[in-house]
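Me: I would like a close look at a single part of this model, with the cut-offs spelled out as you go. Here it is.

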Amino acid sequence: MDFSTLIAFFIISSRFSSSYPFCLPWKEEKETNTNAISQAPAPQTPPNPQKPITKYLIHLSGTGILSDYRSTDPSAPPPGTLNPRVYSDVSLADNTAIFLPPPPPNDGRSSDWIDPLHGETERIVYEAWRREEEEAKEAKANGDGAAAAVRVRTAIMRPPDIYGRGLGVARKTSAYVPFYVREILQGDSSDGEGIGAAFFVGEGQNRRGWVHLEDLMGLYLKLVERAVEGGDEGAAAWGREVSFFFFFLAFGGCACRLGR
Amino acid sequence: MIADCWPLQGYYHATTQETTQLELAQAVGRILYEKGLIKEKEPKQVPLERVDGMMSSYGLPLLGRYMFASNSRSVATRAKDVLGWVPKAPSIWDVLEQDVADAIEALGSK
């Protein structure tokens, strides 16, 4: 798991639990797949097929998934050099090609596919979307007005590396700089030695993206506020209660229920 | 419009700037040198194998390579166009000295 993501999880959870106090920890196993998304904690009122309930999943991933560090592409640049490939979040092909393995070669060789960081969890969320889309299409074809009683809308947040301090009680250290400083000064085992200088590999022209923790919080809050406002075109039944799931398959999950 | 936030392809990057490893190394090196914590202000090139062996206790192969020798490049188009996100926090260069000081303090308390 991307460590900026791991740290962001703790920072985001503590920030959200102060703004949205009704936060229930909810354990989830990595092996549990999309069942967890559809088996959300039951709402207080029974779902009414005429008025679907919309749930929002903001899945926290990271740009570790976009890193070229384990690329098996023979034309990928060597470590320490610039890779001109920049990923946009509005390109579906850009986004899904990363974690969908290509079909295995016909000649019986096994694939040399290596799952990227966050690959498995993003694949699970993607498959949940696809299933829901297909079910909606089928329902439309069959003439059903509202496809399902419970609908899950998903956003996948991929923060890059994080710098800067948060407000309030959040930790002061983010993920990247402390690791770098430690490798410079101390190394990382009891008999390890630091490099004794800041360091790079090759020409040091490899680039990474960054975001200030406060800006990342701002983006997260915008998403949450949009969900609270409602992303439900027709039905109004969800209005009283919205559940948010911050879904971290590898390290457990936190379900925040907002009463409004 | 609101439904645009949550389409099938609802990916959100949050990138506001990029740095190269060399730029980062130069800035961190200068800060640590001025604090008297290292003897070399200029950053040092290290072999890939050295970096590959870093952070091995986390159990993710080649994590050090990911952290220090890879590219991970993204743009945050959707967040700005669909949500009207306007990042306003200081740049990494403005806060790096504070981040390094915080990192040193965290190391010292272990």
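Which residue forms a salt bridge with A:Arg207, and how far apart are the closest N and O atoms? Please take me through the surroundings as well.

Reply: Happy to. This is a predicted model, in which local features need pLDDT of at least 70 and side-chain atom pairs count only at pLDDT 80 or more, while totals for chains, interfaces and linings use all residues. Residues are numbered from 1 along each chain as its sequence is written, chains are lettered from A and ligands numbered from 1 in the order in which they are written, and side-chain values use heavy atoms, with hydrogens and water left out.

The partner is B:Glu18, and the closest N and O atoms of the pair are 2.7 Å apart. Because B:Glu18 lies in strand S2 of chain B and A:Arg207 in strand S7 of chain A, the pair joins two chains. A salt bridge here is a side-chain nitrogen of Lys or Arg within 4 Å of a carboxyl oxygen of Asp or Glu. Helices (H or I, at least four residues) and strands (E, at least two) are DSSP runs, numbered from the N terminus. A:Arg207 counts as partly exposed, at 23% relative accessibility; buried means under 20% relative accessible area, exposed over 50%, and partly exposed in between, with a 1.4 Å probe and protein chains only. Salt bridges that share partners join A:Arg207, B:Glu18 and B:Arg73 into one network.

Now for the strand itself. S7(A) covers residues 207-212, and five of its six residues are buried. S7(A) pairs with S2(B) (residues 17-20) in the antiparallel sense over four bridges; two strands pair if DSSP finds at least two bridges between them. In that pairing, A:Arg208 stands opposite B:Thr19. S7(A) is also joined to strand S5 (residues 161-163) of chain A, by three bridges and in parallel, with A:Trp210 as the bridge partner of A:Asp161.

B:Glu34 and B:Arg30 meet at 3.5 Å, N to O; both lie in helix H1 (residues 21-34) of chain B, four residues apart, about one turn of the helix. An α-helix has 3.6 residues a turn, so residues three or four places apart point the same way. B:Glu34 counts as exposed at 51% relative accessibility, whereas B:Arg30 is partly exposed at 34%. B:Asp52 forms a salt bridge with B:Arg65, with the closest N and O atoms 2.8 Å apart. That pair links distant parts of the chain, 13 residues apart: B:Asp52 is in helix H2 (residues 48-52) and B:Arg65 in helix H3 (residues 63-69), both of chain B. B:Arg65 counts as buried at 18% relative accessibility.

Finally, the nonpolar side. The largest nonpolar core has 39 residues, of which A:Tyr180, A:Phe199 and B:Phe68 touch the most other members. Such a core is a set of buried Ala, Val, Leu, Ile, Met, Phe, Trp, Tyr and Cys residues joined through side-chain atoms within 4.5 Å. Among the elements that give two or more residues to this core are H5 of chain A and H1, H2 and H3 of chain B. H5(A) (residues 176-185) is mostly covered, with nine of its 10 residues buried. Leaving aside neighbours within four places in sequence, A:Phe199 is in contact (heavy atoms within 4.5 Å) with residues including A:Tyr180, A:Ile184, B:Ala25, B:Val51 and B:Phe68.
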